Amino acid sequence: MDDVEETSPWRSSPPTVGAVLVAHDGATWLPKVLESFSRLEHAPTAWRVVDVASTDDGAEQLRRSFGAERIRYAPSGTGFGAAAALGVEALPATDWIWLLHDDAAVVPQSLAGLLDVATSADDIAVVGPKIREWPSLRRLLEVGLTITSTGGRETGLETGEPDAGQHDWARDVLAVNTAGMLVRRDVWDELGGLDPALPLHFDDIDFGWRVARAGYRTRTAPGSIIFHAEASRRRTRRRAAGDPPVWEARRAALRTVLVNTSGPRFAWTYVRLFVGSMLRVLGFLVSKDPEAAGDELLALRAVYAHPLDLRAARRARAVVARRSHREVKHLLAPFWLPYRHGVDALRDIVTHLVRPEVIETSGRRSVLGEGGSDETDDLEDEPPLWRRRPWLVAVLALVLGSLIAGRDLWTGPGQSVLLGGALPPTPADAGDWWALLLTGEHDVGLGSTSFGPIFAGLLAAVATPLWFAPGIVVSLLMLLAVPLAGLTAHRLGRVISPHRGMRITWAVTYALMVAALGAVAQGRIGTVVALVVLPVVANTALQLVQRPGWQLGLRLGIWIAVGAAFAPVLLPMCLVGLVLLCVLERRLARHAGAAAVTSVVLLGPWVVQRALHPVRTWWEAGFPVDGQGAGRLEALELLLGRAGGPGQAPAWLGAGLLVLAVLALVARPTRTAVQVCWFVAVVGLGFAVIGSLVTFSVPGGSAPVSPWVGVPVAVWVLGLSTAVLLAAPAARGLGRPFVATLVALALLLPVGSGAWWMVRGADDPLDRARPDTVPAFLSERSGDTLVVTGTLAEGVDVRVVRGSGPTLGEEALRPDPERQRSTVAAAEGLLSSGSAADVRRLGASGIEAIYAPDVDPVVEQRIDSAPLLEPAGSDRPGSRVWTSSLETERATSDTGLWRTALGVLQVLTWLGAIIMTAPVRRRADARAAREDVPA
């Protein structure tokens, strides 16, 4: 006893403590709680109990334990703070107040441990215990509290963290839980106790914040332990009339932050919390949790609809505040903590979306029985990783191959971007992509009032978190196209075939086809995205066949729209596929029609612009670069899965697949499914043949362009490879030499394509460099540049470049027709007669420089003879630059707000479609089964 008194000097003259127990339908926990009170080694001086309209046996238990004279009764709906105030008023004068809950059991040292810390310094006003979970008794719940700038309640503990003594030291905190809170009576009276406007949540943090601003300290007492069931938070307490609604917790969080934030920061916090809450509502709607979204809106309304209440509360706190925000800032959570939680939540969402394949493995087995020991693990027999997780190993191999193949494209000189071939440079920030979709007047070339491409909006949505580095999105799409296509293909393969090894080979074959076609090397971002999305489209279509429903129909339309936004030719191909689906399954006609309508509606006015010129359906995202190289594609190249252009693998690698697909028609058990695959393949081949025979022109360009047929060829190869996958199990009964030959043919395409891809690399013409459409000094001038290419003998092509040239998305805009005609007429006049009037007409269109890369001597001579033009230096051999000293002006077009409104409507249409197809989450019943109370 002497040792105890030496470490606890207050025991020689103990302070008086008045305990207040608040109870409400706590009969489940009260037997253990009341028993724990009887074992306290240092008991309170006085007890008072407040019963809030209990309807269970709890009220009778309290009367038997404390007597009717110590109990006060409060009506239903009374909050904890108001109930505690009733109990404190009934207490005799004491030095300290001890607040207790009816679901929190104490240990014999609970009050003594609190007093050890409370009496250690004169400025300590509040002390809180270490709180463990009940019924586990070991897991920590709280050792002090704080709050984030967004209203998040922070304990600083990991979920389920056990108590191993790692927090056993007293420290200053912002607040402690009201369960077991010890408060100086004079401070309680000075601050007016707990805020009655916070009936259930955040009253402890609000009180601790006021205590800190008033110049007092709140400390933890790890030597004091309480076991808390958290019945209200976990909703295991029976709900009654008058209980706060579910959204009260969020309302309390917003109010606590707003009424306690310092004056200079209030305006910013007020706006920030409002915008953040609206973003939370949007996030809940996207994740199909309308109940949580409704709760957020109700909480927001409850706080922001009563500004006078906020002002009164802030004034009341200012009266007792003696410390500035700077002096208590160290007690608040760091500013970056909410963002880290957001990243963690996003990581969890991605983890759930990208679910790894579940593989049954033997793992570690205990050796039991005769001669065995139950403590010996048979590690010798554990199979290697490539056998336990073959798909994981395959994905890692594809990622490693991407790193090797893109060895020259991952890094480059300062301010370089991924460009080349059909890939334009990326814009400076994601806002440029949003502007293409949401504005009517586009500052590019001669100016444009056409509708921006839908793929710009999709890229903007993905790149918004990386606002000032949208090039990262494009780089990851292009350089990791192979593993991304493999991931989506394998998800489809799991639906098609139960044979793991076969479907992994099939998925890898499809993934490497993206590189073998030359889509990456040629910068065909439209083809890359379409081929990543294509297996998802097929997967959703198969789900629609198995489980018809309007949600799957809408989801199929969304995925078709995503792919067609980047490669419009995918839309008519999918429409043909939907017709085939209706023919095979007439019951799906309505759902297939919904998918078709959804895809067209989501593509919006932009697809109408393309439909007015049907051949331009072949124009994918990016520059309209000729897709067939020097000449027409041969029929054999198409049959072997080649689309033309640089960077494609040798055509003979596809011979084995074609042979196996023909042989797949022989197997009777799978013939029907194989024939469907052949039909899909023939549709792709048919579109590829059409594309190889036609040409199209682009707005502002005179030279015809041969389409790139990569997407139809990919559909052809996908159909053939799927036919082989479905028929492959039938070959198991054949002789070993024949099976070995078939396997060799099946591996020819993936193995050969993979080796070729890594040796050749993913560059050329794709490159990482600075944009060089025009010389650097011209891109920095205020006026536009007229770029002249070609010869007078074979035809001259002119285009207007603003700044350093169009970025990804701007290449799809149609120049203003009137300005285009005027500029072309002026350029033709300049090259024919070279009069000053033609130069002035160019200046009137905003052009103050002419640039001729690889200039033709005749063109050079004509421009040299034109007046009002002065030769200038060029940073590229064989090119010429002329500048004009005339004043230039740019005409502008007023499209009105209707174009912006239409763009916003289109974004909302996408958002609405996604929300309608997301699975709905329902809130668990508030009256769930209660946890058992430990014996």
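In this predicted model, helix H20, spanning residues 500–516, packs against helix H28, spanning residues 710–727, at an angle of about 170 degrees. The axes of H20 and H28 lie 10 Å apart. Angles over 145 degrees count as roughly antiparallel, and H20 and H28 are therefore roughly antiparallel to each other. The crossing of H20 past H28 is right-handed.

| Helix | Residues in the contact |
|---|---|
| H20 | Met502, Arg503, Trp506, Tyr510, Met513 |
| H28 | Ala714, Val717, Leu718, Ser721, Thr722, Leu725 |

The wider setting is the fold of the protein chain. Its secondary structure consists of 34 helices and 19 strands. Along the principal axes, the C-alpha atoms of the protein chain fill a box of roughly 110 × 85 × 55 Å. The protein chain has 935 residues, of which 51% count as buried. Its accessible surface comes to about 42,400 Å², and carbon and sulfur atoms account for 60% of that area.

Contacts across the sequence complete the description. Where the residues in contact in the protein chain are at least 6 apart in sequence, 78% of the contacts join residues at least 24 apart.

Definitions and conventions
Residues numbered from 1 in each chain as written. Predicted model: local features only at pLDDT ≥ 70, side-chain atom pairs only at ≥ 80, totals over all residues. Heavy atoms only, no water. Axes fitted to C-alpha atoms, helices over the stretch in contact; angles between N-to-C directions. Helix = DSSP H or I, 4+ residues; strand = E, 2+ residues; numbered from the N terminus. Parallel < 35°, antiparallel > 145°, perpendicular 65-115°, else oblique. Left-handed = near helix turned anticlockwise from the far one by under 90°. Contact = heavy atoms within 4.5 Å. Buried < 20%, exposed > 50% of the residue type's maximum accessible area, 1.4 Å probe, protein only. Areas by Shrake-Rupley, 256 points an atom, 1.4 Å probe, with all protein chains shown as cover.
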